[in-house]
Amino acid sequence: MLVVMEKNATDAQIERVCAAIRTMGYEPHPMPGAQRTAVCITGNRGPVETDGLAGLPGIREFIRVSKPYKLVSREFRQEDTVITLGDDAIGGEALSVIAGPCSVESPETTLRIAERLATLGVRFFRAGAYKPRTSPYAFQGLGEEGLRILAEVRDRFGMRIVTEALDADSLESMAAVADIVQIGARNMHNTSLLKLVGRLDKPVLLKRGLAATLDELFMAAEYIMSAGNYRVILCERGIRSFCDHSRFTLDLAAVPAIRRMSHLPVLVDPSHAAGTSYMVEPLSLAAVACGASGLIVEVHEDPALAWSDGAQAVPLSEFPRLLKRIQAVRASMEAEPGVSEPPDLRIPPTAWASCA
Ligand code: PEP
Ligand code: MN
């Protein structure tokens with residue numbers, strides 16, 4: 001149930017509605033927007049009786065939310081959510097790039113990669129200190145030592161750190177270093193971990209499970225938001241299909257679909273979807289063209305020597321070109337096509353070359 005307030009409702013009126021919802025034994029979630037504040041009610045097991053609210057000043061209408069997810073939905077918040085971290089942002093006008101190796105490696109390698117990315121203007125550095133590997137015999141991440149290296153990246157280059165929370169045990173120490181806490185695809189269904197990151201005062205990057213529907217992704221986000229953390233970023237990273245030409249199948253249709261159903265920003269991870277580096281650039285361009293708010297990409301100075309996921313890592317030397325090309329796609333989307341003249345579909349072959 002949403003309680004939609006009048007546009008000019010006062011803070012006192014909104015607080016009175018929230019207090020009445022608490023008295024009914026439910027949890028109020030006020031969400032201010034440009035057009036109106038909506039107060040979402042959670043904690044109810046069946047339909048909410050509005051008797052205790054009817055007549056309170058400042059209420060415009062009650063809307064029953066038709067979907068099982070509420071706080072995630074566009075009905076709750078009509079504007080796109082923009083997640084800000086100081087001067088940086090994910091969502092809205094921003095085209096955000098999170099880049100770095102799959103795992104934190106030696107301090108020398110990790111710092112060299114981070115320094116190069118920082119000089120290219122990349123603001124968000126990714127690398128896992130705790131790795132959810134398919135094989136128990138594969139490298140599992142440097143753990144605490146990896147977190148120390150990530151803290152050095154943050155302190156030396158001023159980059160914001162995106163790293164994965166694997167379990168409750170390591171959550172506290174990793175959240176002390178992470179600016180954005182990543183929940184990996186394999187943990188999207190880990191409801192106890194979702195509740196824990198729901199209590200953090202940090203944005204959460206929630207990756208879609210390997211075979212999760214969008215409703216399941218939204219319900220996972222709802223776990224985080226209903227625990228009080230509204231700063232959730234969704235990520236499409238490829239789903240399991242019958243195709244064997246890529247590691248997973250990047251579901252690009254998820255991007256416009258998510259944007260229609262939810263106000264949360266959506267990023268795309270072309271690296272884990274592709275599994276092989278030559279596909280990363282075309283998938284990145286397509287993701288931006290589909291309306292993604294940005295990308296999370298695996299990059300390495302020497303992919304052949306990477307400690308994990310080397311086959312899908314874009315060599316650092318090729319990364320500036322990818323950055324330029326995604327910016328060109330975004331810029332082409334911002335330009336309003338002229339309506340007075342028919343489009344010229346004979347695109348000269350040099351058009352793409354000039355983006356490189
Ligand atoms: C990762 O980003 O390092 C990762 C393991 O991704 P995913 O959870 O999407 O497999
Ligand atoms: Mn990886």
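What share of the contacts in the protein with a separation of 6 or more comes from residues 24 or more positions apart? I looked it up: the share is 69%, where a contact means heavy atoms within 4.5 Å.

**Ground rules.** I am working with a predicted model, where local features need pLDDT of at least 70, side-chain atom pairs count only at pLDDT 80 or more, and totals for chains, interfaces and linings use all residues. I number residues from 1 along each chain as its sequence is written, letter chains from A and number ligands from 1 in the order in which they are written, and take side-chain values from heavy atoms, with hydrogens and water left out.

**Overall build.** I found eleven helices and 15 strands; these are DSSP runs numbered from the N terminus, helices being H or I with at least four residues and strands E with at least two. The radius of gyration is 22 Å, close to the 21 Å that the globule rule gives for 356 residues, so the protein is as compact as a globular protein of that length. I note that the radius is taken over C-alpha atoms and that the rule is 2.2 Å times the number of residues to the power 0.38. The C-alpha trace spans about 65 × 60 × 40 Å along its principal axes.

Of the 356 residues, 52% are buried, meaning under 20% relative accessible area, while exposed is over 50% and partly exposed lies in between (1.4 Å probe, protein chains only).

**The manganese ion.** Which protein donors does the manganese ion (ligand 2) have? I get Cys 102 (SG), His 272 (NE2), Glu 298 (OE) and Asp 309 (OD), at 2.1 to 2.4 Å from the ion. Donors here are N, O and S atoms within 2.8 Å of the metal (3.2 Å for Na, K and Ca); water is not among the atoms, so sites may look incomplete. I checked both for cover: Cys 102 is buried at 4% relative accessible area, and Asp 309 is buried at 18%. Asp 309 also has a positive phi, near 55 degrees, though this residue is not a glycine.

**Leu 150.** I then turned to Leu 150 in helix H3 (residues 144–157). Leu 150 is buried, at 0% relative accessibility. Leaving out residues up to four places away in sequence, Leu 150 touches Val 104, Phe 125, Ala 127, Ile 161, Thr 163 and Val 177. Its C-alpha atom is 8.3 Å from that of Ala 178, 28 residues apart along the chain.
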